[in-house]
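The following note sets out points for a colleague who is reading this structure.

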Amino acid sequence: EDAMSGFPGPLGQLIRGSGLANVYSLYVGSRMGADDGALTIGGIDSRLFVGEVKYVPLVEQGKYSVSAHALEVAGRRVATGPEAFGNMQVDSGTTLTYVPAGTFSAIKAFMQRHYCHMPKVCGADNATFFIRDDNEEHCVEAAALPKGYPVMRWHLANGVTVDVPPEVYFKQLPGRADPDKTRFCFGIRPLSDIPVNQ
């Protein structure tokens, strides 16, 4: 059901009318400009993953919200407990991951303690990729994302873990100074950065 109206949404209508299984899967691509994302309705596409499919229960009726229990950066926990995350909404319509301000601060502090050798992690406050950057100017512009940024592991309900490599949590945009390069912008933001329509 649609969270706002209470009526069946397009996916629900399609599944009810077709006899397909009430399952869908979303494969999120990681390359700018590539057609490597996919939405599969009525099942899963086994060509798009390796290993066992695990399910996480939805925690809000009418929304695709899940419960996160912990976040690790490079194998070390930086945030734990429901107060660190709230209910996390799975939204295929954004390229960013929004977390509560305290969790964002913990990620920033950890990375600045352990990853200052990486571009845009440390330096003057207005030169790192942790500042609010509506114009996406504080990004790394390069032919490829520099190697060495950490993997982030989300711990969800039912013991499910999701490893998110830097190629996924960095938003990729066309280069400004050089069109043959890519701008890699830190794609994890505090909830306070969500634009509000006036």
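What is the handedness of the disulfide of C139 and C185? The answer is given in point 1, and the model discussed throughout is a predicted one.

1. The disulfide of C139 and C185. The sulfur atoms of C139 and C185 lie 1.9 Å apart and form a disulfide. The torsion about the S-S bond is about 95°, so the link of C139 and C185 is right-handed. This pair links distant parts of the chain: C139 belongs to the loop between helix 2 and strand 7, whereas C185 belongs to strand 11, 46 residues apart. C139 has a relative accessible area of 9% and is therefore buried, the cut-off being under 20%. C185 is likewise buried, with a relative accessible area of 6%.

2. The disulfide of C116 and C122. The structure holds two disulfides. Besides the link described above, C116 is joined to C122, with 1.7 Å between the sulfur atoms. The link of C116 and C122 is left-handed, with -75° about the S-S bond. Are these two cysteines buried, exposed or partly exposed? C116 is partly exposed at 42% relative accessible area, and C122 is also partly exposed, at 25% relative accessibility. When the bonded cysteines of the chain are numbered in sequence order, the pairing reads 1-2, 3-4.

3. Aromatic pairs. A search of the whole structure gives twelve aromatic pairs. One of them is formed by F110 and Y115: the ring centres are 6.4 Å apart and the planes stand at 45°, a tilted arrangement. F110 counts as buried at 4% relative accessibility, and Y115 is buried with a relative accessible area of 12%. The rings of F130 and F186 have centres 5.2 Å apart; their planes are at 70°, so this pair is edge-to-face.

4. The aromatic cluster. Which residues do ring pairs link into a cluster? The members are F104, F129, F130, Y149, Y169, F170 and F186.

5. In soluble globular proteins, nonpolar side chains tend to be buried together.

6. The surroundings of M152. What does M152 contact beyond its neighbours within four places in sequence? Its partners are L71, E72, V73, I107, M111, V162, D163, V164, Y169, F186 and I188.

7. The hairpin of strand 8 and strand 9. Strand 8 (residues 152–156) pairs with strand 9 (residues 161–164) over four bridges, in the antiparallel sense. H155 stands opposite T161 in strand 9. Four residues lie between the two strands of this hairpin, and N158 in the turn has a positive phi of about 60°.

8. S65 in strand 3. S65 is found in strand 3. Is S65 buried or exposed? S65 is buried, with a relative accessible area of 1%. With neighbours within four places in sequence left aside, S65 is in contact with P57, L58, V59, E60, N87, M88 and Q89.

9. N126 in the loop between helix 2 and strand 7. N126 lies in this loop. In contrast to S65, which is buried, N126 is exposed, with a relative accessible area of 54%. Not counting residues up to four places away in sequence, N126 touches I131 and H138. The C-alpha atoms of N126 and H138 are separated by 8.4 Å, and these residues are twelve residues apart along the chain.

Note on methods: Residues are numbered from 1 along each chain as its sequence is written. This is a predicted model: local features need pLDDT of at least 70, side-chain atom pairs count only at pLDDT 80 or more; totals for chains, interfaces and linings use all residues. Side-chain values use heavy atoms; hydrogens and water are left out. Two strands pair if DSSP finds at least two bridges between them. Contact means heavy atoms within 4.5 Å. Buried means under 20% relative accessible area, exposed over 50%, partly exposed in between (1.4 Å probe, protein chains only). Rings of Phe, Tyr and Trp (its six-membered ring) pair if their centres lie within 6.5 Å; planes under 30 degrees apart count as stacked, over 60 as edge-to-face and the rest as tilted. A disulfide is a pair of cysteine sulfur atoms within 2.5 Å.
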